[in-house]
Amino acid sequence: MLSITTPLTSHIKTFALAAVVLTSVLFTIDEGQISLLWMVSPAHWFVFTIYAAVIFLSQWSIQQIAALLLENPPRPLLSVALGSGLGLTVLWQMLS
């Protein structure tokens, strides 16, 4: 069966997985002191969700902008890299 993907919905799983993995690494290093103890607090999960959502939306936005501006948009890896950096910069600006 053929599946038709549009730039709007393509690579969503890739972006979600990358955002969750990056946020997990950051939280393990920062909140859990190199352990997974941060996972027992509901407040940490709330902040985790915000971090992952901002990073995901940044990655997805970069891909959408590239799809609109370029005839042949780059692979999602570039959007993950640029979007993760953008998302972390946005979070850093929000928290400082």
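This note comments on the fold, confidence and helix packing of a predicted model.

1. Confidence. The model is predicted, and its protein chain has an average pLDDT of 81, with 83% of the residues scoring at least 70.

2. Overall architecture. The secondary structure of the protein chain consists of three helices and zero strands. Along the sequence the pattern reads α-α-α. Of the 96 residues in the chain, 26% are buried. Among contacts between residues at least 6 apart in sequence, 65% link residues at least 24 apart.

3. Geometry of H1 and H2. The axes of H1 and H2 lie 8 Å apart, and the two helices pack at an angle of about 140°. Angles over 145 degrees count as roughly antiparallel; H1 and H2 are therefore classed as oblique to each other. The crossing in which H1 passes H2 is right-handed.

4. Residues joining H1 and H2. On the H1 side, the contact is made by Ile12, Phe15, Ala16, Ala18, Ala19, Val20, Leu22, Thr23, Ser24 and Phe27. On the H2 side, the contributors are His44, Val47, Phe48, Tyr51, Ala52, Ile55, Phe56, Gln59, Trp60 and Gln63. By class, the residues of this contact divide into 15 nonpolar, five polar and no charged.

5. Geometry of H1 and H3. Helix H1 (residues 12-30) also packs with helix H3 (residues 76-95), here at an angle of about 45° and with the axes 10 Å apart. Angles under 35 degrees count as roughly parallel, and the range for roughly perpendicular is 65 to 115; H1 and H3 are therefore oblique to each other. H1 passes H3 in a crossing that is right-handed.

6. Residues joining H1 and H3. From H1, the residues Thr14, Phe15, Ala18, Leu22 and Leu26 take part, meeting Pro76, Ser79, Val80, Ser84 and Leu88 of H3. The contact of H1 with H3 comprises seven nonpolar, three polar and no charged residues.

7. H1 in both contacts. Phe15, Ala18 and Leu22 are among the H1 residues that meet H3, and these residues are also among those of H1 in the contact with H2. The contact of H1 with H2 includes no charged residues, and the contact of H1 with H3 likewise has none.

Technical notes
Residues numbered from 1 in each chain as written. Predicted model: local features only at pLDDT ≥ 70, side-chain atom pairs only at ≥ 80, totals over all residues. Heavy atoms only, no water. Axes fitted to C-alpha atoms, helices over the stretch in contact; angles between N-to-C directions. Helix = DSSP H or I, 4+ residues; strand = E, 2+ residues; numbered from the N terminus. Left-handed = near helix turned anticlockwise from the far one by under 90°. Contact = heavy atoms within 4.5 Å. Nonpolar A, V, L, I, M, F, W, Y, C, P; charged D, E, K, R; others polar. pLDDT = per-residue confidence, 0-100. Buried < 20%, exposed > 50% of the residue type's maximum accessible area, 1.4 Å probe, protein only.
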